Every structure is written in structure tokens, then in C-alpha cells.
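Subject: Two-chain model, handover and notes

Hello,

Here is the structure you are taking over. Please look through it before reading my notes.

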Amino acid sequence: MDSIALLLGGFEHALTLWNLLYCLIGVSIGMFVGVLPGLGPVAGTALLIPLTFGMEPTSAIIMLSGIFYGSMYGGTITSVLINTPGESASVITCIDGYQMAKQGRAGTALGVSAIGSFIGGVTAILGLTFLGPPLAEFALKFGPPEYFSLLLLGLIMLVGLMGKSVIRGLIAACFGLMLSLIGMDPVSGAIRFTFGQMELLEGLDFVVVAMGLFGISEILLNAEKHMKMEKPSTIQGLLPERHEWKPTLSAIGRGTGLGFLIGLIPGANSVIASILSYSLEKKVAKDPSRFGKGAIEGVAGPETANNAHSGAAMIPLFTLGIPSSPTVAVILGAFIMHGLTPGPALFQNNPDFVWGVIASMFVGNLILLIFNLPLARVWAKIAMVPYEILFPLILILSVVGVYSINSSLWDVGMMILFGGIGYLMKKLDLPIAATVLTFVLGAQIESTLLQSLATSQNGLLIFFERPISGVLLTLGCVILVFSLISGIKKRRSTLINDFEL
Amino acid sequence: MWAGIGVSLFSLTFLLLSLEFSYTGPAGPGPGFMPIWISGIMLVLSLFYILESARDKDGTGELMPRGAALKSVFFVLVCLVLYLILMPILGFIAASVLFLFTLFVRHYKWHTSIGVAVVVTFLLFWLFGSVLNVDLPESTFGW
């Protein structure tokens with residue numbers, strides 16, 4: 001019951017005027033990012049990191065995580081009203097949500113997803129509240145070999161689950177690792193790969209790389225196509241009919257469980273959660289033919305699942321320091337920039353911070369419920385802002401944002417360079433998430449590997465001599481082999497490929 | 001295919017550069033350990049990648065945009081680079097107005113574009129310059 005007392009302390013922190021304001025700003029931006037089809041949560045969080053520089057770490061993370069889970073709510077609105085997903089986790093909602101809108105039931109679709117999202121989100125945060133501390137305590141026993149194995153397992157899962165080919169995933173991961181090696185080596189002091197540039201001495205800045213790879217590349221990608229908007233349907237009545245409550249609530253329950261479990265797996269992003277939830281709903285339904293024609297479960301399940309996922313994804317971040325999706329990787333980068341080391345020690349060393357952020361997520365979900373039930377119409381209007389106005393604004397904001405970090409035009413240039421690289425990577429199906437993940441974790445991967453090897457008598461065998469790390473690594477090998485085999489047999493589902501963000 | 005060759009060249013360069021660092025340090029592996037392994041693995045992977053894309057006929061050629069789409073991607077990139085080059089010369093305000101105007105004018109009337117560009121620039125100048133205390137680049141004339 002310690003958790004409850006600590007959580008109440010966290011509320012004290014989260015409910016200060018400023019933190020409430022940052023939470024409100026965060027979830028509003030999240031809604032905005034979610035509603036806009038051209039901008040996903042990863043790009044949104046990456047582009048806004050510079051604005052958090054002057055803030056206290058707690059406020060900064062409150063705002064950034066608000067963007068993350070806020071966008072999961074927002075994406076639904078455009079999926080239902082104009083059949084265009086605002087972010088990729090809501091792709092599946094288009095199927096039945098848009099059909100419901102065509103039948104004049106847009107309000108119900110939005111109402112159900114808002115309620116489901118709230119239940120899913122809050123349940124996942126409760127999970128973090130009660131599972132977080134014991135998990136962190138367990139992870140405190142980890143030494144360098146265990147950590148290295150865990151990091152490797154996370155990366156393998158990410159590579160195995162995302163993108164078209166395992167080989168491309170591994171290349172992207174190696175690329176990220178190479179980038180992380182640039183600069184001065186903290187152990188030996190050796191200067192690596194700076195090509196004589198003073199600016200590279202301290203390594204590449206995470207924000208610069210993330211903003212380029214995720215943000216700028218997204219805009220370049222969007223520049224290819226013409227964005228045309230349909231007129232949104234009108235919204236009437238937000239609640240389902242009486243006989244629909246039971247199936248809706250059980251769909252929400254299943255979505256919560258599924259999304260939560262998938263959130264815990266490193267590498268499985270919210271798109272996977274919502275897609276799996278949709279197929280689960282279709283399987284358990286008495287009459288599967290209703291799906292695709294406006295089945296309410298087909299909206300409630302996936303929308304709940306992606307919110308439960310975004311809450312649960314915070315658990316591995318807070319307890320192990322391992323991001324489970326690209327957006328969480330960006331938030332992890334923000335942790336490091338604010339001088340916090342994500343991982344098991346966080347609960348002990350920075351309890352105010354941890355519990356403040358957790359409490360703020362409850363508050364944020366409540367704000368989002370209000371945003372989405374009575375105010376859904378307002379957000380639907382915002383989705384109609386033409387992209388031609390928006391993208392120059394996003395571009396200039398990111399340029400000024402990156403510049404403001406170190407007042408350096410060099411950083412701006414690097415961001416543009418990585419924007420070009422990111423664009424090419426998206427075109428070539430090289431998963432950017434893998435690059436950014438290894439880039440963030442690179443220093444940790446190298447130091448844990450070197451420390452383990454330095455203490456080992458049998459070289460690489462140390463990873464298999466210790467039980468926890470042995471199990472983790474064996475698991476990793478099994479997954480790698482399976483995904484390679486499925487790649488050769490061409491059985492990888494094409495569905496997941498398309499929605500990397 | 002070309003991308004695969006690009007990747008292998010990249011990893012080869014880094015592999016050669018990595019050889020400069022000592023493989024072993026005073027206590028176990030040294031600063032050269034990770035770079036050599038990673039770039040080596042990447043080189044091997046890139047060979048597989050080339051094989052994979054050679055077998056897969058409908059590969060990258062289809063993926064790259066052509067014509068108008070390619071042009072607008074390049075247009076945005078060139079605008080960004082020019083903006084970066086012009087900022088220290090013209091100063092933040094003039095460069096930003098110019099940058100925004102060029103991007104807007106393709107879709108809107110010129111007077112609307114100028115209006116929006118000026119308003120946005122001054123808003124950003126105020127937000128970053130005065131509120132967040134960032135030293136934005138100035139031209140030789142001091143603005």
C-alpha cells in the first residue's frame with residue numbers, strides 16, 4: 001500500500017498550477033498532433049522537446065508524455081469523421097468508425113472510443129502504479145551482463161516485429177549504434193569519428209537526430225502527396241443505445257487487457273495493439289459479418305487497446321529504462337537530456353519526479369475525456385486546417401527549436417541532413433525506430449558490454465553463465481531465428497509494415 | 001540495390017576508421033572494440049541486403065517518387081538548406097519571412113503569403129527571442 005501514499009504525494013506535485021498547465025498544454029498538443037493526419041506522435045514529441053529545455057524535468061516529462069497519450073485520443077476523431085487516420089494507431093478505426101459515421105452515428109463512435117480510451121488509459125496507469133515499484137526493485141539486482149542481455153532482447157524484438165525484413169531492421173539498428181559512437185568515448189577518452197569537427201566532439205545531439213529522422217522526414221514524405229480533406233460528418237448523440245452497452249463494455253475490457261500486455265513488450269507499438277484487438281473482436285463476435293459495416297465493438301476495442309498500450313508502455317521505461325515504442329524512445333531521450341537516468345533506480349532516486357508524472361497521467365486522461373466527449377466538434381474543425389498552411393509552420397518551428405538548444409546553426413544543418421536520411425530510410429523500408437532506439441541506448445549498450453567483458457573470465461560466455469541474462473539472451477536468439485525463418489518464407493504480415501509510426 | 005551498396009560503403013568506411021582505435025584497453029576491450037564489431041556486422045548485413053534487393057525485382061525503383069512529387073520533396077529540401085545558408089547573412093527575420101513566403105506562395109495568393117509570413121516570423125521572434133531568451137542570428141545590420 002506504499003504505492004497509494006506515494007501516488008497521493010505525486011498528486012500534490014502534479015496538481016500545482018504550473019504542472020496542471022503543462023499537462024493541459026501537453027494533452028492539447030497531443031490531441032492536435034493526433035487529429036492532424038500529417039503529423040504523428042513521434043514527430044510531435046520530437047519536435048517539441050526543445051520547448052521543454054527551460055522547464056523542470058517533472059514538468060517537461062509531464063508535457064511530453066501528455067503529447068504521447070493525448071495523440072492516441074485525437075487520432076480517432078479524423079478516422080471516424082473523414083476516414084483518414086490522424087495517426088497510425090487509429091488506422092483500424094477507420095473501418096467501422098467511418099461506417100458508423102455514414103449511418104449518422106459518428107457521435108456514438110467518438111463517445112465510445114473516448115470512454116474506452118479513458119478506461120484503458122487509467123487501467124494501464126494503475127498497472128504502472130502497482131507493478132512499477134516491485135518490478136524496479138527486481139531490476140535493481142541486474143548487473144551489467146543482465147542489462148546488456150535485456151537491451152539486446154528489446155532490440156531484437158523491435159527488429160523482429162517491425163518492417164519488412166529482419167536484415168533491414170538489423171542494418172538500421174547498427175546504423176543507430178554507429179551514430180551513438182561518434183564523439184569522445186567516455187571510458188577511454190578516445191575521440192571517434194568526428195572527422196575533425198569540434199561540434200561532433202560531444203557526439204550527436206539526440207534531439208537533432210530524432211527531429212530530423214522523425215519530424216523533417218515526415219514532412220518531406222508528405223510533400224509528395226496532395227492532401228485533400230473530405231467534409232466531416234456531423235456529430236449527434238455521444239452514447240451508445242441501451243442494448244449496445246454490454247458488448248461495448250466487454251470489448252473495452254478485452255481491449256484494455258490486450259493493449260496492456262502488448263505495451264509491456266519492447267518493440268511492439270500501439271498499431272500492433274489496435275490491429276490485434278480488432279481481429280480479436282472479430283473472432284469473439286457472434287456475427288463477424290457485422291464488422292466493416294459499423295460494428296461498435298470494432299471501434300471500442302482497438303481504441304481502448306491503443307490507449308492501454310500507451311500507458312503500459314511507460315512501465316518498461318520507468319522500471320527498466322527500455323523504450324517499447326518509437327515515441328517512448330523519444331521520451332527516453334528527453335529523460336537523459338534532463339539529467340535523469342531511466343531505469344530501476346529512478347523510483348528510489350527521484351520519487352517526486354516518478355510519482356508526479358504518474359499522477360499527472362491520471363489528470364491528463366481526465367482532461368482528455370472532457371476534451372473528447374463534449375468538445376469533439378471543436379477538434380473536428382481543427383482537423384480541417386489545410387496542410388499547406390501547417391507544414392511551413394512546423395518546419396520553421398523545428399528549425400528555430402533546434403537552433404535554440406545550443407544557439408547553433410550547425411545543429412540545424414545536422415537536423416536537415418538527418419531529415420534527408422530519414423526520408424530515404426522510410427522509402428527503403430529501413431525502420432527508423434530501430435536506429436533511434438539503438439542511438440539512444442548506444443552508450444549504455446557499449447558500457448554494459450565492455451564492463452561485462454572486463455569482469456568475465458570466459459569472454460562472451462559470461463552472458464550465458466548468469467541465469468537471468470542467459471534466459472533473456474536465449475529468448476532473443478529464438479525470436480531472431482523465428483523472424484528470420486518467417487522472413488524467408490515470406491509470411492510476414494504486410495499489415496504491420498505500412499504503419500511504422 | 002544502390003541503397004545496399006551505399007550501406008556497404010558506409011560500413012566499410014567506418015570499419016577502416018575503426019581500425020585506428022585500439023581493440024583492447026587496460027582492462028579488457030578498448031575503444032576500438034564496439035566500432036569494429038558493429039561496422040563489421042553492418043558490412044556483412046549490407047551484402048545480404050544487396051542480395052535481397054537484387055532478388056526482389058519490384059524494389060526501390062517503384063518506391064522513389066517521380067515528376068511533380070519528387071520536385072516538391074526537393075523544393076522543400078532546397079528551401080531548408082537555403083534558409084540555413086541565408087540566416088547568418090540576412091538575419092533571422094528577413095530569412096524567415098523569405099522562407100515562409102516561398103513555401104506559402106505555391107498555394108496561396110502572394111499578399112496572403114506575405115502577411116502570414118510576416119506575422120508568424122514576428123510571433124516566433126517574440127516567443128523565442130523575448131520569452132525563451134534565445135539569441136537568434138542577426139544580419140550585419142543588427143536585425
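This is a predicted model: local features need pLDDT of at least 70, side-chain atom pairs count only at pLDDT 80 or more; totals for chains, interfaces and linings use all residues.

Residues are numbered from 1 along each chain as its sequence is written, and chains are lettered from A and ligands numbered from 1 in the order in which they are written.

Interface

In the interface, 41 residues of chain A are in contact with 51 residues of chain B (contact: C-beta atoms, placed from the backbone, within 7 Å). On the chain A side, at least two residues come from each of helices H8 (166-181), H9 (206-224), H18 (387-406), H19 (409-427) and H20 (432-455). Helices (H or I, at least four residues) and strands (E, at least two) are DSSP runs, numbered from the N terminus. That side of chain A consists of 26 nonpolar, seven polar and eight charged residues; Ala, Val, Leu, Ile, Met, Phe, Trp, Tyr, Cys and Pro count as nonpolar, Asp, Glu, Lys and Arg as charged, and the others, Gly among them, as polar.

Core

The largest nonpolar core has 201 residues. Such a core is a set of buried Ala, Val, Leu, Ile, Met, Phe, Trp, Tyr and Cys residues joined through C-beta atoms within 7 Å. A residue is buried if 20 or more other C-beta atoms lie within 10 Å of its own, exposed if 12 or fewer, and partly exposed in between, with C-beta atoms placed from the backbone. H4(A) gives the most to this core, 14 residues. Ile171(A), Cys174(A), Ala210(A), Met211(A) and Ile331(A) have the most contacts inside the core. Leaving aside neighbours within four places in sequence, Met211(A) is in contact with residues including Ala46(A), Ser398(A) and Met415(A).

Helix H14 of chain A

H14(A), residues 326-337, reaches 17 Å from its first C-alpha to its last, close to the 16 Å expected (1.5 Å times one less than the number of residues). Ten of its twelve residues are buried, so H14(A) is largely enclosed by the rest of the structure. Ile331(A) is one of these buried residues. The buried residues of H14(A) pack against H3 (41-48), H4 (57-82), H9, H13 (314-320) and H20 of chain A. Just after the helix, Gly339(A) has a positive phi of about 80°.

Chain B and its helix H6

Chain B has six helices and zero strands, and 29% of its 143 residues are buried. H6(B), residues 110-131, reaches 30 Å, close to the 32 Å expected. Its buried residues are Ser113(B), Ala117(B), Thr121(B), Leu124(B) and Phe128(B). Seen down the helix axis, they fall within an arc of 70°, so they line one face of H6(B) (the arc is that of the directions from the axis to the C-beta atoms). These residues pack against H18 of chain A and H5 (92-104) of chain B. The face turned away from them carries exposed residues, among them His111(B) and Trp126(B). Just after H6(B), Asn133(B) takes a positive phi of about 55°.

Val7 of chain B

Val7(B) is found in helix H1 (residues 2-18) of chain B. Val7(B) is buried, with 24 other C-beta atoms within 10 Å. Leaving aside neighbours within four places in sequence, Val7(B) is in contact with Ile171(A), Ser46(B) and Tyr49(B). The C-alpha atoms of Val7(B) and Tyr49(B), 42 residues apart along the chain, are separated by 8.8 Å.

Regards

How values were computed
Two residues are in contact if their C-beta atoms, placed from the backbone, lie within 7 Å.
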